[in-house]
Amino acid sequence: MSAAIPSVACLGVIGRNNNPLHISIFPSYDPAANTFSPIRNPLQFSLLLSSTIDVFDLRSKSSTASGDFGLLHAIDDRLAAYGFETNTGVRMVCIVDMRGRRVEAGGSGVAGQGSGAAGASTVGAGLRDSELKPVFRAMQSAYVRLLQNPFYDPDEHAPLGGKGGRRITSKKFGDDMKRIGEAWTPGVTTL
Amino acid sequence: MDGYPLGSLDHNVPLIVVSGLRSDPPEQPPKAKGQVLLRSDLPPLDGNEATFLESYFEEVDERGKSWTAVTREEHYRVRVKTVGRSLVLPSRRATLPETIEPLTTPPILHSPFSPLSPSSALYPDGLMNAQWIKKHQEEIPSIFVCFYTLISDPKIAVQQDNRLKSALNGMRATLVESGYKTRLVVIILGDELARTNLTAEIIQDRLEGVRRGTGLDPKSIFYIPPQESTSELRRVMDSILALLYNTAIEYYRDLGRHARKKRSRGIVPQPTLPPTSGTSQTLSLPDWNFRYDFKSAIFAEFRQEIDAAIRSFEQAYEILLGQDVLDIIPSWSPRWNEARLLADIISIRCLRLHLWMGQTSLAVRRWQTHRDRISDFVDRRGRGTNNYGWQAWEARWAMVMANMIELVEVPGFGPSTMTIFLQPEKALFGERLQPWELLHHTGYWYRIAARHLGARRSLAHRIPDDDRGAPDASPASRVASKAIRYDTYMCPPPHEEYPLSGNGVNHAQLMIDCLLNARGQFQARKQHRIAAEISLECAREMATLGSWNEVLAMLRPLWEDKSFRSEWWLDISEDILWVMRRAAAETGRADIVVAIDWELMNERFTRRQNWHYDLAKSLDGVSLTSKPFITISDDLASSFISASFAFRTKEGRAGETCLAQLSLKSEALQVAAPVTLSSIRVEFEGHLKPITLVHDSDLPTNSSKEPVSVTAVAETKDEEDEKEGQLTGKCNITLRPGHRQVLEMNIPLREPGQASASRVILTYKTETFELDYTLSLSDLGKVTGWFVRGAAKPRLSRPDGHILHIQPRPPKMKLRLVEPLGQFYANEPIPLKIGLHNEEDDSANVKLDIRIVGKIIPRFRVDAGEHKREVDAAEEESQVTGLALGNIGSSSSLELSIHLDPAPAPTVYEIQIRADYHLESDAATPIVQVLPIHLNVVNAFEANYDLMPRLHPDPWPSLFDYEDLQDVSDGDVIQARGLAQQWCLVCHYASFATEDLDVVGLDMVVTAVTPGGRCRVVSQPELSADGMIVAPKTMYEARFGLVAQKVTLDDRHPVAIDLAFVVRWRRRRQVADGESNAINATTMTVGQYMVLGTEPRVLASVLHSSQEQSGLVRLDITIENPSSHFLTFGLAMEPSDAFAFSGSKQTTVHLLPMSRRTKTYRLLPLTRGVYIRPGLVVRDKYFQKVLRVIPTEGMKIDKDGLLVWIPPAPEAEE
């Protein structure tokens, strides 16, 4: 008997000019084929990420001091988008697949890299906003590390007053995102 | 929500039937056996009240259909059916079918809706159907309300009452006999006369009579007296309905109780006839329990008891999906789908109950649970979930939720609230919830539905062709197998879903409907990006339908507001662009096709395989009526050509030229064909004319493989367009992908000011279309630097390289002041000579402006050869403009003069002389030279003054001399006969000029004297004809003798005199033409002095003896008494070492009014060449006051007294 637990389906960083800076897509468990594959195609993930901007804009009126927007919206009964905004207006979005990972009941074996104990306790249950905090903390520190790179020019990625901007090309940042997305599972406190 | 049987999902509220409001023909006695007819023969109500009540009940009925929650504030929510005077109730017992053989025992008959009755659709093993709910909601009322009139006419009142009684009794009896528990209620309206004719007691008595005669409950009879207005009537009816509502609730409580009682019996009732067809199965006990629970739940819903309803529904649901009911129904049996339908209905009703209670998250959970359980069932027992039928149901199930949210009107969830999802209810607050369990707005639900519809279509398209044929065309065995293989629960069978021929289900249209619903919701909540995404999905579906115009209409707003593109969501933009291009190509919109092709050439988009990427082929396959001229700009479609413009220098001068570069970079995909532009036009903001570059294929192309090529372009003035001065150039403008072409040109600068390159228009022409693409150059960040041949990277990047400051051409015309004067003085005319010297290389056409600013500008005259202008005095500003001086040849000069009239007082003038000119050779470049002159006009002289008394030599007129005093008028002149005084005004003046001046005259002018006095100047200094040289900053003295006299002796008032000192002077410089310098007069006011007072005064005067040797001095002390009193003075002379004297040492002098007397002392000074101090004291005897002795010539005074100058002895001179 196996049960599904949430996993990260996509991590996105959106720049100040509402431009995509980074998109990482993670495979989800497909029970029909018993394989891991992304639940949507990259175009659909782009659309999902861009759709969160509206929610950010809508919610920023009632400001959240910490920048943590929690649940932005659930796209359907499987995918839900969580968001975080830095002081500089960079937005981080985590799209969670609520049935993205399989876990054997009893907590012995967990598919993927999740920790067994945490996985077992959360089988079938929902998700609290606070459980996504480690993801955003890790994403933010990865972003801070990126900013510390003297060759990274933030203005190039979100020109002042302008439109658009380049994407982040740093491999290290991409690896960080990959690590965060793969390592997160409900109950993980540090990434 | 459609698709579920009619009435199965209605919001159940008590049903009330109202009779007697309209005159429907009475129902015929029932044909069918067992039906019940309630009727009375009394005429129905008529008049306004009846029509009002009818519309009122319609309104109430309409409200009763609402799905919103019934709150405590709402006093009643009922459905109302109005009938005439009769009502037919369905038969309580089903009849036996006529085909069966007569039975031996009398049959036990059941309700026609029961599965026990052979006539029922449920017979023998159906569970439940909507018919039963419908029966309660629409046919059997909880209350039967009869309206009657209370006739007030006393003649027929008794008869009427009796008829009423019998009618009511008849109906009651019928009801009781039928077994229905419907309550009978009578509402009696008073007729119009009731108010006047009937007293309350009579009415009371009559009503009581009716009630007693019919045995009605007091609560079931109402009387409505005639009302003033319809609103009153409405109020009364509202309160009656509120009361009836309770009665109705009671009725459904009884029914509910009955259902529970039957359940608690725990026996399986036997059908009237044992089934003989089908499986011959009958319902089992769990089936019956399900029926009873379902019934109690429905009755609870009738009573609006939500908790009870949920409990019963859930119980029924559990039984239904439990092991004993659905599990044992075979999936091929129609009962299986019926059971699924029941499960759906129960779930929908539960969802609605949850939403009514505000348990939004529980509702979502319930929604999910039902889906999961059904999916589990279908997988286990049915035909699986991997078929179109299941997806159809999934879509339906999502739609159900969306419709439900709309119909129930969940509070705080309207589009205006901008709420995306609701927070969970309190009961679930701390729980770990699935994100989806927070109720999202209907847009999300519609989207899910659309998604499942999409899945349904793709599954439908996988149906093998064998199954898609019509059933009558295929062998029966295949039809049977098809029935087993396909889940057709609430959806058409495969041959209708996706037929081999003809149209099946229009999935795309279903999806579009869903998506449009969703889009409306998202747009209302300002979730524009999701709305855009849905538009895109919609457009894709429309594309599958081939309705390209709709696709275009759907995507055009997205394309025009550049959503996604402006924010660099490239993959999304790309998708939109390709869909849109296809639609535009299909509909023949050449402009959009070309704009999109232009945009998609950019290498930041991914390459599409087998696409030509050639603008020339853009319109291939697009049907066009005429050759289109297309104009697009970079704010509509971004470009694969980036342009930047840079001036070589930051500043330039008018009349010179400036190098500039236009750099065009093609960022097209590498596979794209090179683009040859036919012309480029660069436009500027400010003082530069546009430049046009035309393609010339004869010129060499940049065949080099270098990424950057720099070409110099020589422009020529467009001869035909001389005025515009348009510049055109020729070059080869072919852009290869990734290549940067830099066009360097030399631009002549004309007008001063700022010029910035604003936009560049690229013109592209092919045989099929012409395109103008406008690129803005003014955006910051687009500017690159200066390209140099051979280098790939630009240099000297300036952020505002596209801006050039054009300085005005430096004027070489010299303007100067000829023979400038150091200083100008007041009261002197000011001549200015201006010289113009043309140092330009060419003759110049000059116009002059002269402008003078100051406090008061005097009249002035400009004299420039044949041009003369005069301007009158003005305040603050005065000017001469546009004084044409004509041509001044190169290195020749011109002089003009300006004459200003004398200024009355010191002042300051600012004079600006401005020469506007242009050279003969370059008429388009205006040049300006300006000469500012600052003129400070000052006073040439300053002076201070001292008025000293002198002794008037003439004797005073005597009071006793009659003739002297008497007026002898000779002519008009009245000879002055009053007292006279002589004064001496000493003027000390100094020149404040910067040079020596000639003073040619000094005058004293008496400007004003008090009436009754006279004053004249008796002596003034004489100057030679050539005048006196006055050096600057040196004091000079001038003495003027003045005599003041009163006209009459009687006048005792002092006299005020005003004096002015006039210096007449001229400049000493030589004037060339021999004409002498003009004499200027500077007048300085001296001030006012008071003379001829009435106080006595003592004047001392000395007279040196003619014998110089002796040195004898005569000192006269003259005491004047101008007052009208007799005065006595004591004189005392003290002896001194400095002199010896003769005269009374001490004496008394008496003075008559208006008289003067002189005492004489003779002094013999003992020293010479010094001042001696005679110790003379004059004392007013009466006032004991010492009078000051006033010195005159040769004397002075200090604080100790009088001093007399003794000239030195003549020996000293020898």
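Start by selecting Thr1128(B): opposite this residue, in strand 45 of chain B, stands His1150(B). Before you click on, note that this is a predicted model, where local features need pLDDT of at least 70, side-chain atom pairs count only at pLDDT 80 or more, and totals for chains, interfaces and linings use all residues. Residues are numbered from 1 along each chain as its sequence is written, while chains are lettered from A and ligands numbered from 1 in the order in which they are written.

Now show residues 1127-1134 of chain B, which make up strand 43, and its antiparallel partner, strand 45, joined over six bridges. (Strands are DSSP runs of E, at least two residues, numbered from the N terminus; two of them pair if DSSP finds at least two bridges between them.)

Zoom out to the whole sheet: an open one of four strands in chain B, ordered 45-43-48-49, with antiparallel pairing. Strand 45 (1146-1151) and strand 49 (1185-1187) of chain B each have a single partner strand, so they stand at the edges with one side lacking a neighbour in the sheet. From one strand to the next, the twist averages 30° (axes are lines fitted to C-alpha atoms, and angles run from 0 to 180 degrees between N-to-C directions).

Next stop: select 679-686 of chain B, strand 13, along with 691-695, strand 14; four bridges pair them in the antiparallel sense. Four residues form the hairpin link between these two strands. Pick Val682(B) and you'll find its bridge partner, Ile691(B), in strand 14 of chain B.

Click Glu685(B), then its bridge partner Ser756(B) in strand 20 of chain B.
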